Amino acid sequence: MQEVTATSRHYVDRLFHPDPQKVLQGVIDMKNAVIGNNKQKANLIVLGAVPRLLYLLQQGLSSSELRTECVVVLGSLAMGTENNIKSLVDCHIIPALLQGLVCPDLVFIEACLRCLRTVFISPVTPVQLLYTDPTVIPHLMSLLSRSPRTQDYITQIFSHCCKSPEHQTVLFNHGAIQNIAPMLISLSYKVRMQALKCFSVLAYENTQVSMTLVNVLVDGDLLSQVFVRMLQRNLPIEMQLTAAKCLTYMCRAGAIRTDDRCIVLKTLPCLVRMCSKERLLEERVEGAETLAYLMEPDVELQRIASVTDHLVAMLADYFKYPSSVSAITDIKRLDHDLKHAHELRQAAFKLYASLGSNDEDIRKKITETENMMDRIVSGLSESSIKVRLAAVRCLHSLSRSVQQLRTSFHDHAVWKPLMKLLQNAPDEVLVMASSTLCNLLLEFSPSKEPILESGVVELLCSLTQSDSPALRVNGIWALMNMAFQADQKVKGEIVRALGTEQLFRLLSDPDTNVLMKTLGLLRNLLSTRPHIDQIMSSHGKQIMQAVTLILEGEHSIEVKEQTLCILANIADGNTAKELIMTNDDILQKIKYYMGHSNAKLQLAATFCISNLIWNEEGSCQERQDKLRELGFVDILHKLTQALDPNLCERAKTAMQHYLA
């Protein structure tokens with residue numbers, strides 16, 4: 001160690017020599033000493049070589065050759081470990097190199113860009129450092145045309161430093177598209193490839209960029225045609241995959257239609273090819289994830305993909321890694337497979353989720369693939385959070401099928417691992433898992449009973465108190481499904497566990513989805529007369545108060561319709577209906593909505609009155625007289641002439657009750 005440090009010290013000392021020629025030779029010797037030697041690099045950094053190299057680099061008296069050699073050494077030091085990069089960034093290497101780009105010497109500029117590229121592609125470098133000085137991006141754009149090297153390095157820097165919509169906008173506004181597009185037909189493969197990567201990063205989930213790309217011409221051809229040519233099978237896989245990504249992102253951003261030939265006949269088949277056994281594991285992961293993203297919102301693409309090259313069966317191979325290796329020579333391969341095994345499983349689950357999100361036949365095909373349900377179940381308890389999330393996404397997609405809920409979900413007791421997953425998962429997993437649980441709690445699902453017995457109510461009630469609107473929605477949605485046609489015991493348990501205070505807090509939730517599902521829960525709780533009467537006898541006052549507030553508030557038609565349906569259910573109770581009959585304010589509101597311009601609201605309000613005048617037991621005469629006094633009969637008479645057939649029919653039925 002002493003010896004190494006002594007020689008390293010010697011290299012650093014030579015940087016301080018008064019003779020510039022000796023300094024230059026010292027830098028060249030240092031360059032040769034550090035190539036491929038991480039230990040030497042670390043020693044030189046510890047001994048303070050970096051500040052001295054940066055000083056020489058920025059010193060006006062240094063020769064062009066010396067400054068270039070200093071940058072080359074710094075680039076070599078950056079090629080070492082992440083700690084090296086941290087040290088270089090801490091010494092402010094980035095502003096120094098960016099400053100160097102204003103020099104007219106092209107060789108020096110290229111050296112600075114190469115070093116900047118190496119520093120910026122490291123995950124430990126804060127990308128924001130590229131955007132601190134607003135003059136940097138336009139200057140880099142102006143350097144693009146200087147040489148193939150400047151094109152290669154600058155596009156790499158852009159690709160690695162474009163991490164947010166704000167970054168995309170900065171690059172877009174400074175002419176990234178016009179400046180980079182001509183590079184797609186460069187003679188250099190490297191340059192073409194980096195330009196392509198840059199476009200894939202710029203277009204991702206960005207409508208503005210994608211809509212602009214669609215109209216760009218390169219040498220007389222539309223950019224999308226240039227990308228399609230890059231999908232040809234004889235081109236390197238990296239190019240095919242990246243071009244497919246560009247077309248995928250443009251399609252998802254709405255710039256290319258999903259039924260466009262370049263998507264259906266070129267991009268989709270190319271991505272399916274990437275999933276085959278012949279491809280490297282990394283390529284299969286990227287291919288599957290991009291394909292999943294491409295067809296996620298489009299059922300037609302899902303159908304086409306499901307019958308292309310036996311894709312559903314091909315994906316089953318993603319679960320067969322690491323392969324069983326007998327020969328000791330394959331240890332490297334085993335290590336590689338192990339590293340990528342969870343990425344493969346994650347990608348397969350994502351693609352299955354996307355494939356099965358709409359079509360019943362595809363879902364059936366997936367669940368019938370060898371050991372598929374077992375694989376999903378074991379995926380739910382994997383150590384990798386990404387695999388767990390992808391597995392639960394896949395399960396959620398399949399749980400939209402009535403048939404699957406009744407068969408494979410029941411046979412594999414999927415609810416058990418799902419409940420376990422809900423115990424202490426991060427929010428994104430919780431959202432997916434609770435969405436799936438909502439489907440498992442539908443009344444035709446055989447899993448509903450065992451889930452109820454497992455004490456799920458408390459868990460769901462705690463979700464309704466989450467800060468995340470998506471979790472609140474799912475918690476209340478699951479309770480709503482649970483309360484549908486449930487017996488009094490289950491309903492009582494829900495009301496007890498949720499507590500009236502929380503129920504009414506949810507009824508004033510700022511999120512409309514939460515409000516709608518809470519109203520749905522209330523409507524399901526207030527069904528069948530004994531249940532209606534029992535709940536209204538204990539919580540009637542608060543429920544009527546909440547209903548009044550919603551009908552008076554600024555809410556959507558859907559919210560008000562659901563609220564009037566709750567009133568109609570209350571009006572159907574034996575004793576509960578008195579809470580409406582003795583509340584003149586509510587009666588006036590019902591009257592107002594019977595005369596509303598929206599037929600849905602008129603119909604729901606008419607339901608309330610129809611239930612109030614229903615003549616089943618003796619006390620209806622009194623109610624009918626009061627409602628006649630308040631003018632309801634005249635309104636009903638008018639509604640029998642309504643244009644909406646349902647409304648007209650409901651009004652006629654109500655009139656018949658009156659006359660009965």
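What covers the buried residues of H27? The cover includes helices H23 (372-379), H24 (385-398), H28 (427-440), H29 (448-453) and H30 (456-463). Within H27 itself, which runs over residues 415-423, the buried set is Trp-415, Pro-417, Leu-418, Met-419, Leu-421 and Leu-422. Here buried stands for under 20% relative accessible area, exposed for over 50%, and partly exposed for anything in between, using a 1.4 Å probe and protein chains only. Helices are DSSP runs of H or I with at least four residues, strands are E runs of at least two, and both are numbered from the N terminus.

This is a predicted model, with local features needing pLDDT of at least 70 and side-chain atom pairs counting only at pLDDT 80 or more, while totals for chains, interfaces and linings use all residues. Residues are numbered from 1 along each chain as its sequence is written, and side-chain values use heavy atoms, with hydrogens and water left out.

Ala-413 is not a glycine, yet its phi is positive, at about 40 degrees. With a relative accessible area of 21%, Ala-413 is partly exposed. Another non-glycine residue with a positive phi is Asp-309, at about 50 degrees. Asp-309 belongs to the loop between helix H19 (299-306) and helix H20 (311-316), and its 46% relative accessibility makes it partly exposed.

On to the core. The largest nonpolar core holds 239 residues, and Leu-355 and Leu-567 touch the most other members. Helix H16 (residues 237-252) is its top contributor, giving ten residues. Such a core is a set of buried Ala, Val, Leu, Ile, Met, Phe, Trp, Tyr and Cys residues joined through side-chain atoms within 4.5 Å. Neighbours within four places in sequence aside, Leu-355 has contacts (heavy atoms within 4.5 Å) with Met-295, Gln-302, Ala-305, Ser-306, Leu-311, Val-312, Leu-315, Ile-362 and Ile-366.

Helices H35 (residues 529-552) and H36 (residues 557-571) have axes that come within 11 Å and cross at roughly 150 degrees. That makes H35 roughly antiparallel to H36, the label for angles over 145 degrees, with under 35 counting as roughly parallel, 65 to 115 as roughly perpendicular and the rest as oblique. Axes are lines fitted to C-alpha atoms, for helices over the stretch in contact, and angles run from 0 to 180 degrees between N-to-C directions. Among the H35 residues that meet H36 are Ile-543 and Val-547, and the H36 side includes Leu-564 and Leu-567.

The other pair is H32 (residues 488-498) with H34 (residues 512-525), whose axes come within 10 Å and cross at roughly 140 degrees. H32 is therefore oblique to H34. Lys-491, Ile-494, Val-495 and Leu-498 of H32 meet Leu-521, Asn-524 and Leu-525 of H34.

Leu-587, in helix H38 (residues 584-594), counts as buried at 1% relative accessibility. Beyond four places in sequence, Leu-587 touches Ile-580, Met-581, Leu-612, Lys-626, Leu-627, Leu-630 and Phe-632. Gln-156, in helix H10 (residues 148-161), counts as buried at 11%, and is in contact with Arg-117 and Gln-194, leaving aside neighbours within four places in sequence.
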